[in-house]
Amino acid sequence: MGFMSTRPLEIAQLVFRYPNAGAPAVDRLEMTVEPGEIVGLLGPNGAGKTTTLQAVLGLLQPASGTVRVFGHSPLSDRTHVLPRINFASVDVDLPSNLAARECLRIVAGLYGVRDAARQIDALIAQFELGSLQRHLVGSLSAGEHMRLKLCKALLTSPELLILDEPTLNLDPYMAQKVRELLKSIQRQRGMSILHTSHNMQEVETFCDRIVFLHHGKKLAEGTPRDILARFQSHSLDELFIRVAVSGELFQVR
Amino acid sequence: MSQSFRRISAIFQRYVLLHRRSLIRAFDICFWPVMDLLIWGFVTMYLQQLAGGSAAQVIVFLIGALISWDIHYRGQQAVTISLMEEIWTRNIVNMLIAPIRLWEWIAASFLYATLKVGLVTLILCVLAKTLYAFEIVRVGWTFVPLAASLLLFGWAIGLLTAGLLLKFGYAAEALIWGIPFLLQPFSCVFYPVESLPHWAQRMARCLPSTYAFEALRASLRGGTVEWSVWGWIVGLNVSYFALGLGCLIWCFQDARAAGRLSRLGQE
């Protein structure tokens, strides 16, 4: 098994077009995530971020191009890929009619988590959900629910964690705490993270590398510092607005 | 414990917990079957009073048919609702990205359907005995394979309707609830197949449920079920099961190709 097969994520010439849509949602995208790396996927609404995440999760069939997760296709090698990845998104909920702890117990059963009770206890304590573990998920606030989703995603010890706007519903204190926690768990486990967010400050501090998308195409890629220097921008916020307004980054040389 | 068994039991547990957590859901399992039994039972008792002793057999046929139809109907509903539940609660993506094989999910939903059907059938049998002095044991041991065939047909239709749900989203909801009622008149649940017009008899003979209800009536009359009837029941059930499974797989692949899987329930 060579290096390529152990790379957490490798996307080559990925194209996906929704039926009845004119332009492709993702257009010849090339990107990778290296072991232990945190990659931020940025772009305005409709840039193709969520579609890319769905392709990584095997939820859609690309029109062309390939997605390889640890060297395997998430479409045809589900049994190799899915136990090694997990996902938390602001748009995907846990069953509202189960208690928080019951949800985690079922996830542990689905993924075959060893010593599940202890792992659940540890995550519940880390994400400060101890007093809520017997509450119905439907009764949790948006922020509490998001923390539970992160517990769910981390419970299975994924080697590649996919996060879609993980701090959107969290207050600034909890958002900061969650970022620190994620970072510490990531370092501890050597986990790779593919992360989307509209919070540019978060991306700047949290991600090792960022990939800027617009209309499904990659506009730029690099470390946050490199990108800011290359495009002579003070902040990713400013750069983001530039992309949203003009669709270009105007590289300065 | 094998990994498949562990995953199946986790999914099964997820569906069972829904009922433990919600009294209304637990109540809903029994409410409609019991209401059907009461209405049909009282109607047939009334008919019996009008017609005297000559209608005694009618109540036996009707109650037997009602309990048996419920096995098919609840079986179909349980399979489809287990998928709908994930869409309603926006948990479908979590299930689709979990390392579950399709057959494991199907097996868990069949187990859930069997538990639901078993519970409802037990309650209906006790009520039928108490209110109408109807004993399901009058059918004899034949009832077991007949009930199993109706449950299998329910599963097959459940797979088909689950596929429609993946293909059309909530737009297919009316079909999901309506398909069993579309099949009911042609399944000859409450009347013999010969009583149908010729064109309807042709359709009826394409459904395994028709043969099952004919066999049920024959058993209640004290007769035996011919081997050829069992042959039709098994052959048609296997065909419908293959059709339902094929439809589910095709609709899943179609939904994945169109990027619709994560948007289910939003259409």
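Q: In which order do the six strands of the open sheet in chain A lie?

A: In this predicted model, the open sheet of chain A has the strand order S5-S6-S7-S3-S8-S9, and its pairing is mixed. Strands S5 (85-89) and S9 (217-222) of chain A stand at the edges; each has a single partner strand, so one side of each is left without a neighbour in the sheet. Averaged over the sheet, and with direction ignored, neighbouring strands are turned by 15° against each other.

Q: In which sense do S5(A) and S6(A) pair, and over how many bridges?

A: S5(A) pairs with strand S6 (residues 160-164) of chain A in the parallel sense, over five bridges. One bridge can be located by residue: A:Phe87 has A:Ile162 in S6(A) as its bridge partner.

Q: Which helix lies across S5 and S6 of chain A?

A: That helix is H6(A), which runs at about 175° to S5(A).

Q: Which residues of H4(A) meet H6(A)?

A: From H4(A), the residues are A:Ala100, A:Cys103, A:Leu104, A:Val107 and A:Ala108; from H6(A), they meet A:Leu148, A:Cys151, A:Lys152 and A:Leu155. By class, this contact comprises eight nonpolar residues, no polar residue and one charged residue.

Q: How many residues of chain A are in contact with chain B?

A: The contact involves 28 residues of chain A and 27 residues of chain B. On the chain A side, helix H2 (49-56), helix H3 (78-81) and H4 each supply at least two residues. H4(A) gives the most, with five residues. The side of chain A that touches chain B has 17 nonpolar, eight polar and three charged residues.

Q: What does the secondary structure of chain B come to?

A: Chain B has 10 helices and zero strands. Read from the N terminus on, its elements therefore run α-α-α-α-α-α-α-α-α-α.

Q: How does the radius of gyration of chain B stand against that of a compact globule?

A: A compact globule of 267 residues would have a radius of gyration near 18 Å; chain B has 19 Å, which agrees. Along the principal axes, the C-alpha atoms of chain B fill a box of roughly 60 × 40 × 40 Å.

Q: At what angle do the axes of H2 and H5 of chain B cross?

A: Helix H2 (residues 23-51) and helix H5 (residues 102-132) of chain B have axes that come within 10 Å and cross at roughly 30°. That makes H2(B) roughly parallel to H5(B). The crossing of H2(B) and H5(B) is right-handed.

Q: Which residues of H2(B) and H5(B) meet?

A: Among those in H2(B) are B:Ile29, B:Cys30, B:Pro33, B:Val34 and B:Leu37, and the residues they meet in H5(B) include B:Leu119, B:Val120, B:Ile123 and B:Leu124. The residues of this contact divide into 14 nonpolar, one polar and one charged.

Note on methods. Residues numbered from 1 in each chain as written. Chains lettered and ligands numbered in written order. Predicted model: local features only at pLDDT ≥ 70, side-chain atom pairs only at ≥ 80, totals over all residues. Contact = placed C-beta atoms within 7 Å. Helix = DSSP H or I, 4+ residues; strand = E, 2+ residues; numbered from the N terminus. Nonpolar A, V, L, I, M, F, W, Y, C, P; charged D, E, K, R; others polar. Pairing = 2+ DSSP bridges. Axes fitted to C-alpha atoms, helices over the stretch in contact; angles between N-to-C directions. Parallel < 35°, antiparallel > 145°, perpendicular 65-115°, else oblique. Left-handed = near helix turned anticlockwise from the far one by under 90°. Rg over C-alpha atoms; globule rule 2.2 N^0.38 Å.
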